[in-house]
Amino acid sequence: MLEIEGLALRYPDFTASYDLAVPEGALCAVIGPSGGGKTTLLHAIAGFERPGAGRLRFAGQDLLPLPPAARPVSILFQDHNLFPHLSAAENVALGLKPSLRLDESEHERVAAALAEVNLTDFAARKPAELSGGQRQRVAIARALLRGKPLMLLDEPFGALDPGLRREMIDRVDALRRAHGLTVLMTLHTPEEAAAKANLFAYVADGRVQAVGPWEKLTAKDGPEPVRRFLGL
């Protein structure tokens, strides 16, 4: 389980304090208004932000003392973080070795990761030769190859059209199930994850203000801030 208790961060113009519990193996969609603290929450989990107080544990392990590279976390951003001069396969291989000096078994693992996201035939292409959805799948394959059990996705599909966003959410959900991943994903279009997410966390004003399944949060007696945000 991912356990977040009183995780506090303070900036000159923004204060946050998070409390959230996500069962191991779950897909949690993090929703809320822009500037409400969704990305800050993910960055704190990944270790890019240093909380002043609170607890952060995953599978019983205290993550706060660990630097980002030592945490059991992979994080994907909307801009993919792909190197334009490298092929899809080489970008994926960075998840194993930044030197790209791979042995035969490691090349096989790269090929298997590309196959999992249906990109076997695109392994030699550079990012500029791939569509937005294909570039995002390369980034997902790289994250899978790192073998981290906690995956964070920060508005990963915002630049894609609605049909492709749903396809990518379905793909992330399938990979989560196949690999036993715990996934937190920020979204501006929460209804697109309604059928896949185990729970939703509504974040606003630097707080997790509501947590629950889609049906609970969108019910007539559901939390008013969430219903107002969704226009219900």
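## Threonine 186, tucked away

Let's start with threonine 186, which is buried in this predicted model. You'll find threonine 186 in strand β8, the stretch covering residues 182-186.

## Who does threonine 186 touch?

Set aside the neighbours within four places in sequence, and threonine 186 is in contact with Val30, Lys38, Leu42, Leu153, Asp154, Glu155 and Pro156. One of these, aspartate 154, also makes a polar contact with threonine 186, side chain to side chain, at 2.8 Å.

What about proline 84, which sits 102 residues from threonine 186 along the chain? The C-alpha atoms of these two residues are separated by 25 Å.

## A tilted ring pair

Now for the aromatic rings. How many aromatic pairs are there? The count comes to 3. Phenylalanine 200 and tryptophan 214 form an aromatic pair, with 4.9 Å from centre to centre and 50° between the planes. Planes under 30 degrees apart would count as stacked and over 60 as edge-to-face, so an angle between those limits counts as tilted. That is the label for phenylalanine 200 with tryptophan 214.

Which parts does this pair tie together? Phenylalanine 200 belongs to strand β9 (residues 199-204) and tryptophan 214 to helix α6 (residues 214-217), so the pair links parts that are 14 residues apart in sequence.

How values were computed: Residues numbered from 1 in each chain as written. Predicted model: local features only at pLDDT ≥ 70, side-chain atom pairs only at ≥ 80, totals over all residues. Heavy atoms only, no water. Phe/Tyr/Trp six-rings, centres within 6.5 Å; stacked < 30°, edge-to-face > 60°. Helix = DSSP H or I, 4+ residues; strand = E, 2+ residues; numbered from the N terminus. Buried < 20%, exposed > 50% of the residue type's maximum accessible area, 1.4 Å probe, protein only. Contact = heavy atoms within 4.5 Å. Polar contact = N/O pair within 3.5 Å; in protein donor to acceptor, adjacent residues only side chain to side chain.
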